[in-house]
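Me: Could you walk me through reading a fold, with the general idea before each case? I'd like to go from the whole chain down to single residues.

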Amino acid sequence: MYSRVLIPKLFADYDRVLWLDADTIVLKDLKPLFEMDLEGQPCAAAKPSRDNHLNTVNYQLEDPSQVPGAENIQAISSGVVLFDISVWNNTDISDKIDELLLSDIRFKYVVQGVMGLAIAGRYKTLDYTWNAYSNWAAEVIGIDNVNILHYIGGHSVMPWVSKTKHQDIWEIYK
């Protein structure tokens, strides 16, 4: 689960590396993503939710009182992350992740919360075509516009467990 936070150290000789959760399917060419201007940010990712009140780090914490000001820190969706390796490695983000993992702070969504707090809003926000959740992708952005489909939300949306939306897409690639 935490392997994605090691990417910048393990792949230091690369310019960019893309992390994809195992429950994603790439539907379109990734070249535009890799060529995207990250505007000097260490990574690019979508926000965790289309609901703004869920897009701050305090929602990711078991006990938000442990991190004063967490309600002002933009959260990250860690299922699709494009790392700019040199920029990331020239920040304190990896050190902050190490510190958080050794701390008493507990997170609801584990690695996503740790990354969100360590990155502290320092990321380029991807539009949801690059991390479209299967339970709303078709209705919100249209399945034909989706670049990366993400089967997120528990067993009810996992096509390898139960019949769900976009089962047909899963059947093609399984």
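Predicted model: local features only at pLDDT ≥ 70, side-chain atom pairs only at ≥ 80, totals over all residues.

Me: Fine. How many helices and strands does the chain have, and in what pattern?
Reply: Helices (H or I, at least four residues) and strands (E, at least two) are DSSP runs, numbered from the N terminus. Here you get 7 helices and 7 strands. Going along the sequence, the pattern reads α-β-β-α-β-β-α-α-α-β-β-α-β-α.

Me: What does the radius of gyration say about the chain?
Reply: You take it over C-alpha atoms and hold it against the globule rule, 2.2 Å times the number of residues to the power 0.38. The chain comes out at 16 Å, close to the 16 Å that the rule gives for 174 residues, so it is as compact as a globular protein of that length. The C-alpha trace spans about 45 × 35 × 25 Å along its principal axes.

Me: And what share of the residues counts as buried?
Reply: Buried means under 20% relative accessible area, exposed over 50%, and partly exposed in between (1.4 Å probe, protein chains only). Of the 174 residues, 48% count as buried. As for contacts, meaning heavy atoms within 4.5 Å, take those with a separation of 6 or more: residues 24 or more positions apart account for 68% of them.

Me: How do I read a nonpolar core, and which residues have the most contacts inside the largest one?
Reply: In soluble globular proteins, nonpolar side chains tend to be buried together. A nonpolar core is a set of buried Ala, Val, Leu, Ile, Met, Phe, Trp, Tyr and Cys residues joined through side-chain atoms within 4.5 Å. The largest one here has 29 residues, and Cys43, Phe83, Trp88, Met115, Leu117 and Ile119 have the most contacts inside it. Two or more residues each come from β1 (16–20), β3, β4 (80–84), α3 (85–89), α4 (93–102) and α5 (111–119). The largest share, 6 residues, belongs to α5. Take Ile119: leaving aside neighbours within four places in sequence, Ile119 is in contact with Cys43, Ile76, Trp88 and Ile93. Apart from that core lies another, of 10 residues, including Met36, Leu38, Val80 and Trp130.

Me: How many aromatic pairs are there, and how are they judged?
Reply: Rings of Phe, Tyr and Trp (its six-membered ring) pair if their centres lie within 6.5 Å; planes under 30 degrees apart count as stacked, over 60 as edge-to-face and the rest as tilted. The structure holds 8 aromatic pairs. In one, Phe83 and Trp88 have ring centres 5.1 Å apart and planes at 70 degrees, so the pair is edge-to-face. Both Phe83 and Trp88 are buried. In another, Tyr151 and Trp160 have ring centres 6.4 Å apart and planes at 75 degrees, so this pair is edge-to-face too. Tyr151 is buried at 0% relative accessibility, while Trp160 is partly exposed at 40%. Tyr128, Tyr133 and Trp136 form one aromatic cluster.

Me: Which ring has the charged end of Lys108 over it?
Reply: The test is NZ of Lys or CZ of Arg within 6 Å of the ring centre and within 35 degrees of the ring normal. For Lys108 the ring is that of Tyr59, with the charged end 4.3 Å from its centre.

Me: What about backbone angles: where do Glu39 and His166 lie?
Reply: Most residues other than glycine have a negative phi. Glu39 has a positive phi, near 55 degrees, and lies in the loop between α2 (31–35) and β3 (43–45). His166 also has a positive phi, near 65 degrees, in the loop between β7 (148–150) and α7 (167–173). Glu39 is exposed at 53% relative accessibility, whereas His166 is buried at 13%.

Me: Last one: is Lys124 buried or exposed?
Reply: Lys124 is buried, with a relative accessible area of 17%. Lys124 lies in strand β5 (residues 124–125), and beyond four places in sequence its contacts include Met36, Leu38, Glu39 and Cys43.

Key
Residues numbered from 1 in each chain as written. Heavy atoms only, no water.
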